[in-house]
Amino acid sequence: MCFEIRKAVLSDLNPALQLDREAFGVDAWSILDYAGVFSFGGVKKFTALVNGSFAGFAAAEYDPERKAVCLMTLAVRAEFRNMGIGTALLKSCEKAFKQRKYYLMVDCENHSAIRLYRKNGYVQTGVLQAYYLNGHDALEMEKETDRN
Ligand SMILES: CC(C)(COP(=O)(O)OP(=O)(O)OC[C@H]1O[C@@H](n2cnc3c(N)ncnc32)[C@H](O)[C@@H]1OP(=O)(O)O)[C@@H](O)C(=O)NCCC(=O)NCCS
C-alpha cells in the first residue's frame with residue numbers, strides 16, 4: 001500500500017482529533033488543543049494519506065526556552081501501522097525545522113513508539129513521574145543532529 005505525506009490543512013482537524021482520541025484515550029487532547037495546533041503558524045503539521053484517506057498526523061513546534069523542536073503529537077490509524085507512515089511523519093516534522101535538537105515525551109509503556117524513536121536517533125534523557133492521566137510515567141527523549 002502506498003502512502004503520501006503532505007502539509008496538514010484545516011479539514012484534517014476533525015480526523016486528527018478523532019485519531020488522537022482513539023490513540024491516546026484519557027490522555028487525548030481536547031478540541032481546543034487541536035484548534036491551537038491548527039491556528040498557530042509556528043506549529044508545523046503533516047498528514048499521511050493512503051489512497052486519499054486520512055491515515056496519520058504529526059505536529060511539532062520550536063520551543064525557544066529549550067532551543068529545541070518539540071514533537072507535539074504523532075499518531076497513525078491502527079489499520080495503517082507498520083508500513084513506515086509513523087517514521088515518515090516524524091522525518092517530515094524534523095525536516096520542517098533547521099534545528100539541531102529535537103525532543104518529545106512518550107508513555108513509558110508505549111513500546112512501539114519508543115522503538116520508533118530509538119530507531120530514529122532519540123535517546124532517553126529523563127523520566128517524568130505519573131505525567132499522564134492514565135498514571136504512567138513519561139520518558140523524555142531527545143535527538144541532537146550535527147546540523148549548524
Ligand atoms: C507509534 C506509531 C505512531 C508508529 O506508527 P507506524 O506507522 O506503525 O510506524 P512505522 O511503520 O514507521 O514503524 C513501526 C514498525 O513497522 C516497521 N515497518 C516500517 N515499514 C514497514 C514495511 N513497509 N513493512 C513492514 N514493516 C514495516 C518498522 O520497522 C517498525 O517495526 P518495529 O516496531 O519492529 O521497530 C503508531 O503505533 C501509533 O500511532 N501509535 C498510537 C499513537 C502513539 O503512541 N503515538 C506516539 C506518541 S509519543
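Q: Hi! Which pattern does the chain follow, read along the sequence?
A: The chain reads β-α-α-β-β-β-α-β-α-β-β, where helices (H or I, at least four residues) and strands (E, at least two) are DSSP runs numbered from the N terminus. This is a predicted model, in which local features need pLDDT of at least 70, side-chain atom pairs count only at pLDDT 80 or more, and totals for chains, interfaces and linings use all residues. Residues are numbered from 1 along each chain as its sequence is written.

Q: And how compact is the chain?
A: As compact as a globular protein of that length, because its radius of gyration is 15 Å, close to the 15 Å that the globule rule gives for 148 residues. That radius is taken over C-alpha atoms, and the rule is 2.2 Å times the number of residues to the power 0.38. The C-alpha trace spans about 40 × 35 × 30 Å along its principal axes.

Q: Nice. What about the sheet, in which order do the strands come?
A: Seven strands form an open sheet in the order 1-2-3-4-5-7-6, with mixed pairing; two strands pair if DSSP finds at least two bridges between them. At the edges are strand 1 (3-7) and strand 6 (123-128), each pairing on one side only. From one strand to the next, the twist averages 25°.

Q: Strands 3 and 4, parallel or antiparallel?
A: Antiparallel: strand 3 (residues 53-63) and strand 4 pair over eight bridges. For instance, alanine 59 has threonine 73 in strand 4 as its bridge partner.

Q: Where does helix 3 lie?
A: Helix 3 lies across strand 1, strand 2 (44-50), strand 3, strand 4 and strand 5 (101-107), at about 35° to strand 3. Angles run from 0 to 180 degrees between N-to-C directions, and axes are lines fitted to C-alpha atoms, for helices over the stretch in contact. Contact has a cut-off too: C-beta atoms, placed from the backbone, lie within 7 Å.

Q: And helix 4, what does that one lie across?
A: Helix 4 lies across strand 5 and strand 7 (138-144), running at about 165° to strand 5.

Q: Switching to the ligand: how many residues surround it?
A: 18 residues surround the ligand, and the closest are Arg81, Asn82, Gly84, Gly86 and Thr87.

Q: Which one gives the largest share?
A: Helix 4, with five residues.

Technical notes: Near = placed C-beta within 6 Å. Contact = placed C-beta atoms within 7 Å.
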